[in-house]
Structures are given as C-alpha cells and as structure tokens.
Amino acid sequence: MTSLSSFLLATLCASAPAHAAGAAHAPESAVVLVARVDGSVGLSAAGGAPAAGLGVSAGLPFGAVQLNADLGLGADLAPTPRITALLDAHLPIVSGAKGALSLTAGLGTGWWVDAPRPLARVGVAYDGPAPADRGLRASLAWQYGGGGAGAVIAGVGVAWRAGPRVARPASLVTERDPTAPPPPLPLLVTPAEAMVWLPHPVCEWVPASSLGDRDPASLLGVTVQVRAPGYLPADVTLDAAGGRVLSLTPAPAYGSVVVVAFPGDRVRIGASVFPIAPDGTAVFSAPEGPVAVEVVGGGRSVVIDGAVAAGYALWLRAPVPAPLTLSFPVGSAEVPADVLPALRAYVAALGDHQLRIVGAYASEEAEANRRVASARAEAVAAALVAAGAPAGAVKVLSSTKPPKDALEGAHGYVRVESLSASAPEAP
Amino acid sequence: MILLWAGLAHALDHHVLHEGETLLDVAQAEGVPVGALRALNRLAAKDLPPVGTVLLLPGAESSEPAAIVLSVSGTGTATLPGEAAVPLSTTRALPVGTLVCTDPGGHATLRLATAPHSHEHDDVTMLGGTCLTLDASWARDERRASVVSVRRGSIAVLAAAEGTGAVTVRTGASVSTSTTGGFRVTVEEGASRTEALDGPVEVMGAGAQVSLTEGTATRVRDGEAPAAPVALLAAGAPRYPNEKTQLRRPDFAWAPVDRALGYRVEIASTPDFTTIVLAEDVGSSPWRPETLFLPFDEGALWWRISSFDRTGFLGAPSVPARIVLPVGVGP
C-alpha cells in the first residue's frame, strides 16, 4: 500500500494539476477528500420528495481532471432512506486566486427502499480559495435517476487536500539564449602580443587573442604555454572553472657580468657561488642594478662593486693576490707570534690557491743563512697547515738570495705567494 | 614636427675663402652681388675677410634639418635655438644653430647635409666631452655643404664614400675644410689640431692656409698661422681580442708602433665606427682595464687602435678587429 501510494504520488508530482491554484504552498497533486451535506429537489413527479443527505468523496487527479468516488446517504420527507454511489469527474474550467470552477459529470447507482436505480449526474463544482490543505467545496448538479426521475442537488462541504508539499522553485533566470553556442574560454592574457603553445594534436604557437576562435571543448584540460618577449613564461591549464585573467609577470632586465680573477679564486654574490673557469674568469647574468662581487682566494678577500645594465656586459677585474712577506728575528727560524694572525687571515682567504713558500737570505755567511731561511720556510709552511691550509696546497721551494733592493737592511724574510698570482693573460 | 621642420627652411650654402680669393671672385662664381654677400655676412665695405672666412651664400634653402642624430652612446644634450637643452637622442632632428654636446664618456654621430631620397651624406662623430654648433648644412642634388663650430672636444668627419660633400669645421683657432671627409679636428688649450686621415684637408688660420695630405696633420695656435704639416704615426695592428678568441679577459693587445707615445683604443658596434661605445687613451700594449662595459645586444663589436706621437697628434685608426663575446654573455 505504501509503495502504491508512493507510486501514485510520484506519478502525480510528475503531472501537477493547476486546479489547486490559489494556495502558494498548496500540496501538489493532492488527494482530495470531501465531506458534505446536500439537499435535492425533485423536478418531476417521479423525482420524489425533497431530500437531504450527507456524503463523502475521495478524488485523485489525472492530469487536469480530478476523478472522484462519491458515496452519499440521504432520506426524503417520507422518510425514505437511500444510498447513492457514483464515480464522477471534475474538469476545471476557471482557475484563479479566487478559486476554481469545474464541470462535473458522473455515473453511479442509487439504492432506494424499493429497488436500485442507475444514476447520472452533471453539474458544476466550486473550490473556493483555501488555506494550504483545507477549503470549501460547493456543488450544484442535475441528477437523473431512471424512470423519468430527475432532481437538482446542491451540496456544500469541506475538502481536504493531502499530498507531498513541493515548494515552487524560484523563477529560472537565463542570461543568454540556451541555444546559442557556448562562449569562448574566458582566458585573457596580457600583454596582448603573447603567444600560446597548444600541445598535441595542435602543436602550434598561436596568438593569445585567437583562443576565443577555437572550440572551447577542445581546449578544456589542456595545459598551454604562454610566452611573450620581456615576460616570464607561464604554463596554464585551461578548464571551465570560470573567468581567468593571466597577466604575465615582466621579466627582470638582465645584464651580464664577467669576473676576471685567477684560478683558485672563489666568486660569490651574496650566498651564490659561481664556478670559475680555468682562465680565472666567471661569467653569469645578473638583474639590472648594483652588484657586489666578492672574490676570495690567494689570501685576499675583496668586494668589487659594479652596476649591471640590461643589454650590457660588465667586466670586473679582481686585484692580483699580493704575496705575504714575513720578517724574522736575526738567526731565528721560529715563526714570530705577532705574524700568526696574519697567517690565519691569509689561510682564511686562501680559496683553492696553491702556495709556494720561499725563504730568502742575505749573502753574508751564505750557507748559514740559507739553512736558517730554509728552516723559516718550513716553519711558515707548518704554521699555514696548522692554520687550516691543505697540506697539499703548500709547497716549500729552495731558499734563494733576495734581490739587492728587497732587503732594505733586513737579514732575511719568508715570502708566501700564490702560484696563480702570475696571472693568466690573454694570448 | 611640422613646426620644427618649418623652422629649418633657411639653411644656407657657404663658401670658405681660400688663399688668393677675393669677395668679388666668390660673388662672381656664385652669381651673387657683392653687396648682398657683404650684407649677408655683415661685412662693411672696407672689410677684407681673411683666408678661412666662411662666407654664407643666399638662396640655397632646404626643408631638411641641418643634422640628424645617427647614434648616441652614453649621454649628451641638444640645445635648439631659443630652447632649453634636451637629452640627445637618435630620434632628434637638429636645425641650424643647435648646440650639441656629449658628456664625458659619451659619443654621438651626427648625419649632416641630409637630403630626401639621397643616400649621400656627411657623418661627424663626436667623442666624449665635445660641444659643437651646427652653423650651416645644406644638400641639393649631388651637392652638400656643412659648417660646424667645435667649442671643445674632438670630432671626426668620416670619409665620404661618394659625392662632393664639403664639411668645414671651425674652432677658435682654425678653419678646416674638406670635400672628401676623413679628418679629425680637436680643440686643445689655446690651439686646435687637424689630422688628415683619409684625404686632403685645407687648414686656415690667421690668414694663412696649409694643405694637408692624407696621413699628415697640423696644429694652429690661437692667432697664429697653421704649423708646418707633420706626418702621422701608423696605426698599431690589433692582436687580441680577435674573431678567433673570446673576450673573456679584457686584455687588449696590439703591435706597438715605433715612436708612439700612446694609443687610442676605440670600440664600436659597427665596423664603420659611427657607433662608438668606448674610446680610451692608453699608454701601451696591452691595455688591461679594471672594468669594461660593453653592449652585448648590438649584434657585434669591433675595436681599432690609433697611435699618438709625442706632440699629441693622433694617427689614422687601424683596420677594425672583431670582438667575440664570451659564451654566457647575452640575453
């Protein structure tokens, strides 16, 4: 029974009648139950005496028509009881805010005390404006009862409507003709001169402005590349997620920097370390603006300031690593304590340079001085390694007599110099 | 633009008074009354203009600007008559009377005597720190004539490939004129020097005239006659960089020139050196600048070398050598 009701209700919901108009939230496709009182007046001798009665009916909508099963119980003034049973149909002819007027027609049977009679009834029914589920029903009909008996029946009753309540949806607003072709994919690209690479099966660069000319469906889900001179590249997946404006980011203007240093140097800009070629140069690009290049190696750490301009190459030449000259007390081969900070600083800025250490000596008492010079060189080498220099990067050369003008009264010294300091030169 | 060009419609032809010429000779040769010539050049009846005087001639009107800016490297200014100075740019058309200056380190090349539908012209390259005034510039048919006054600095009048362009360069001390171009005029302290690089040049000063042949030069001190011509030094031959080696280390080397006191290294983005981007006077080969700043988006660069002698004369430049930028330099 439940499933039958559901079926009926579902069927009815699909064919909602209009006769219940007037109630903003009236049940749609409702079953209508009516309880009424009525009275009849015979129109002929065979029609019998005036009568009064009670009745109930149940109606179901079938499209615009409502079919009712009506059962009546009445008695005339005799009093003679009678029972009537009819099936009739209501066809709405007027429907509005003030109610609905329907034509009715029905067939049935009446049981009087004497014998059953066939009945036919035609008339009109009025369903007044009502609250959502209850309303007035008035009816007026002519009834033929067979044997030339006819009567006019007037009735008034209460109708209950029961059924699923369906809120009427808001009016559907359409902004465009649904038959019109769908709009182009809303991808707007700036600058307008950008080009878009459409992958397989198109495999073609097209102007971004021409995307709207293509079938949007063919572009959905496609990842395209967007490029424009002077702008950073961008990849975009086209989907139907709504309008999209792609503004390419202007690419920073770049210039080039050539750092001219020495093999073994380390070139840094901020936290970035750049590789250096065997000829001691490093080439890289940098955004337009000031640039500070730090060159470390050979015991020196220098910062070279420059300015990068778009479209220009800037060569910055690092100074030659200066040799470190250490003086010793006469006759001593012990590294003086006051030169140790200089050695440590030298090693800290050694980079990847290879070092050679030479002890120089005066020509007087040459052999003795040469031994002292060699011992000093070895001591300096040991001190450099102790300060952190790789042992393989330190090489002690044979001691040598210094140039006459180099001593200036000193008895000897040790020179620490980078092998790279004898600069690579252009051919 | 229309207003600007309308104001240029009074550029005049000119004539440089040479040795032995008189005003009457010029008037008869040009078909101009002597009185008109005197009036136009503000000469009194008793005035006897000396050799080297630039006489303006009436009638040679042109609707073209006196000059256009062919190239600018660095910065400079152009001061049009009655106007404030504006930055020098290649879109600039310059009328007669314009003062053009390059800032130190900047270079510019002006195209003089431009004529519509003509490929013939006269180009003048201004080195850094140069100021000149466009006195006259005129072109018609195959004839061209221009006069500029150099206030300071140095200019090079490029050799004219064809035609009969006459370019006259005035300084406070001298007047140099040539119909073939290819000469250089430099203003010095109390003097000016003229170097004939690619053709003959007439140099006048204090009523005297000296004819320079290609490869010679003269100096004219204020109020004095031009000195006797001297031979210019040969150019050094560029060795490095060249088209076979990348310019990784900015070391410029060339074959030294005997008796050269110094050299001028010039780098340009065109082989005709109308677009000089750097000019540096250096002592000897090699030249290893601490910093170097060159454009990489010009397509190519060339460099050349010229030699200074001990008296300051600068010889003709060498044949240009191509500069190959290192891999990694560029956009």
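Let me begin with a term: a residue is called buried if 20 or more other C-beta atoms lie within 10 Å of its own, and exposed if 12 or fewer do. What we are looking at is a predicted model, and in chain A, which has 427 residues, buried residues make up 32%. The secondary structure of that chain comes to five helices and 25 strands, and among its contacts with a separation of 6 or more, 58% are between residues 24 or more positions apart.

I would like to start with strand β7 of chain A, residues 134-144, whose covered face consists of A:G135, A:R137, A:S139, A:A141 and A:Q143, while A:R134, A:L136, A:A138, A:L140, A:W142 and A:Y144 form the uncovered one. In a regular strand the side chains alternate between the two faces of the sheet. On one side, β7(A) is joined antiparallel to β6(A), residues 116-127, by eight bridges, with A:Y144 as the bridge partner of A:A120. β7(A) also runs antiparallel to β8(A), residues 150-162, through 11 bridges, and there A:Y144 stands opposite A:G150.

Turning to the interface, 19 residues of chain A are in contact with 22 residues of chain B. On the chain A side, β15 (254-260), β18 (281-287) and β21 (312-317) are the elements that give two or more residues, and the largest share, six residues, comes from β21(A). By class, that side has 12 nonpolar, four polar and three charged residues.

Notes. Residues numbered from 1 in each chain as written. Chains lettered and ligands numbered in written order. Predicted model: local features only at pLDDT ≥ 70, side-chain atom pairs only at ≥ 80, totals over all residues. Contact = placed C-beta atoms within 7 Å. Helix = DSSP H or I, 4+ residues; strand = E, 2+ residues; numbered from the N terminus. Nonpolar A, V, L, I, M, F, W, Y, C, P; charged D, E, K, R; others polar. Pairing = 2+ DSSP bridges.
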